[in-house]
Amino acid sequence: MTEKFWQTKSLSEMTRSEWESLCDGCAKCCLHKFIDDEDTTEETELMPTTHINEGEQMSYSNIACYLLNDKSCQCTQYDKRTKLVPDCVQLTQDNLDAIFFMPPSCTYRRLKEGRGIPSWHPLLHKGKKTAMHKAGMSVRGKIVKDSEVDIDFFEDYIVSWPLNDID
Ligand code: SF4
Ligand code: SF4
C-alpha cells in the first residue's frame with residue numbers, strides 16, 4: 001500500500017494543504033480549558049494563558065466558544081476568528097509549542113507524539129466525519145456555549161471526556 005504523507009513527513013515538512021487536511025474537525029480545541037495554578041488569585045483566575053508549568057494540570061470543560069456550530073462542530077466565523085476571539089488558539093507549523101493546549105486525540109498532537117492518525121479520522125473515511133462522531137470523539141451533543149453560561153461557575157462544567165482517545 002502507498003504510504004500516506006502523514007506517514008512519511010514530519011509536521012514541519014508538510015505543505016499547507018496537507019497540514020490543514022489533518023485537522024479532524026472534532027472541535028475539542030474550541031472548549032474552555034482551565035489550569036490550576038498555585039499563584040492564581042481571584043483577579044487572575046479567568047485570565048488567558050499561553051503556557052503551562054511543570055506539575056500543573058489542565059482541566060477541560062464542556063463550555064465551548066460561542067462561535068462554534070454545535071452540530072457540524074465547525075467555526076461559524078473561521079476567517080474572522082482571531083479578531084472576534086483573541087484567545088482562539090491557532091495551531092500552525094510555526095506554533096507547535098501550543099500543542100499542549102490540544103487534547104490527546106488531536107491529530108497534530110498524535111502525530112507529534114508518534115501515535116499516527118486514528119481509525120475514525122475523516123481522512124480515512126473519504127473526508128466524512130460520521131465515524132468520528134459515532135466514536136464519540138467530537139464535541140457534538142456534549143457542549144454548552146460560553147454565551148449561555150456564567151463562566152464564573154466553570155467548575156460545574158469540568159469534564160473528562162475531551163481527554164479520551166481511542167486506538
Ligand atoms: S483538536 Fe486538533 S484535530 Fe481536533 S479540531 Fe482541534 S486542531 Fe483539529
Ligand atoms: S473562534 Fe472558532 S475556531 Fe476559535 S475557539 Fe471559537 S469556534 Fe473555535
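Residues are numbered from 1 along each chain as its sequence is written, while chains are lettered from A and ligands numbered from 1 in the order in which they are written. Because the model is predicted, local features need pLDDT of at least 70 and side-chain atom pairs count only at pLDDT 80 or more, whereas totals for chains, interfaces and linings use all residues.

**Confidence and overall fold**

The predictor's confidence in each residue is given as pLDDT, from 0 to 100. Its mean over the chain is 91, and 89% of the residues reach 70 or more. Confidence in the chain is lowest in strand E1 (residues 31–36), with a mean of 89, and highest in strand E4 (residues 158–159), with 98.

Helices (H or I, at least four residues) and strands (E, at least two) are DSSP runs, numbered from the N terminus. The chain has five helices and four strands, in the order α-α-β-β-α-α-α-β-β along the sequence. Two residues are in contact if their C-beta atoms, placed from the backbone, lie within 7 Å. Of the contacts between residues at least 6 apart in sequence, 64% join residues at least 24 apart.

**Strand pairing**

Two strands pair if DSSP finds at least two bridges between them. Strand E2 (residues 57–64) pairs with E1 in the antiparallel sense over five bridges. E2 is also joined to E4 by two bridges, again antiparallel, and pairs with strand E3 (residues 144–145) in the parallel sense over two bridges.

Leucine 31 has alanine 64 in E2 as its bridge partner, and the partner of alanine 64 in E3 is lysine 145. Serine 61 stands opposite isoleucine 158 in E4.

**Burial and the nonpolar core**

A residue is buried if 20 or more other C-beta atoms lie within 10 Å of its own, exposed if 12 or fewer, and partly exposed in between, with C-beta atoms placed from the backbone. By this count, 22% of the 167 residues in the chain are buried. In soluble globular proteins, nonpolar side chains tend to be buried together.

A nonpolar core is a set of buried Ala, Val, Leu, Ile, Met, Phe, Trp, Tyr and Cys residues joined through C-beta atoms within 7 Å. The largest one here has 20 residues, and those with the most contacts inside it are Cys26, Ala27, Cys30, Leu31, Ala64, Leu68 and Val139. Leaving out residues up to four places away in sequence, leucine 31 touches Tyr60, Ser61, Asn62, Ile63, Ala64, Val139 and Pro162.

**Ligand shells**

A residue is near a molecule or strand if its C-beta atom, placed from the backbone, lies within 6 Å of it. Around ligand 1 there are 13 residues, of which Cys23, Asp24, Cys26, Cys29 and Cys106 come nearest. Ligand 2 is surrounded by Cys30, Cys65, Leu67, Leu68, Cys75, Arg81, Val85 and Cys88.

For the classes, Ala, Val, Leu, Ile, Met, Phe, Trp, Tyr, Cys and Pro count as nonpolar, Asp, Glu, Lys and Arg as charged, and the others, Gly among them, as polar. The shell of ligand 1 divides into nine nonpolar, two polar and two charged residues. That of ligand 2 has seven nonpolar, no polar and one charged.

**Selected residues**

| Residue | Other C-beta atoms within 10 Å | Class |
|---|---|---|
| Alanine 27 | 22 | buried |
| Leucine 11 | 17 | partly exposed |
| Alanine 131 | 15 | partly exposed |
| Aspartate 167 | 11 | exposed |

Alanine 27 lies in the loop between helix H2 (16–21) and E1. Although not a glycine, alanine 27 has a positive phi of about 70°. Aspartate 167, in the segment after E4, is not a glycine either and has a positive phi of about 40°.

Leucine 11 is placed in the loop between helix H1 (5–8) and H2. Beyond four places in sequence, leucine 11 touches Gln93, Leu96, Tyr108, Leu111 and Lys112. Leucine 11 and tyrosine 108 are 97 residues apart in sequence and 7.7 Å apart in space, C-alpha to C-alpha.

Alanine 131 lies in helix H5 (residues 130–134). With neighbours within four places in sequence left aside, alanine 131 is in contact with Trp120 and His125. Between alanine 131 and tryptophan 120 the C-alpha to C-alpha distance is 5.1 Å, at a separation of eleven residues in sequence.
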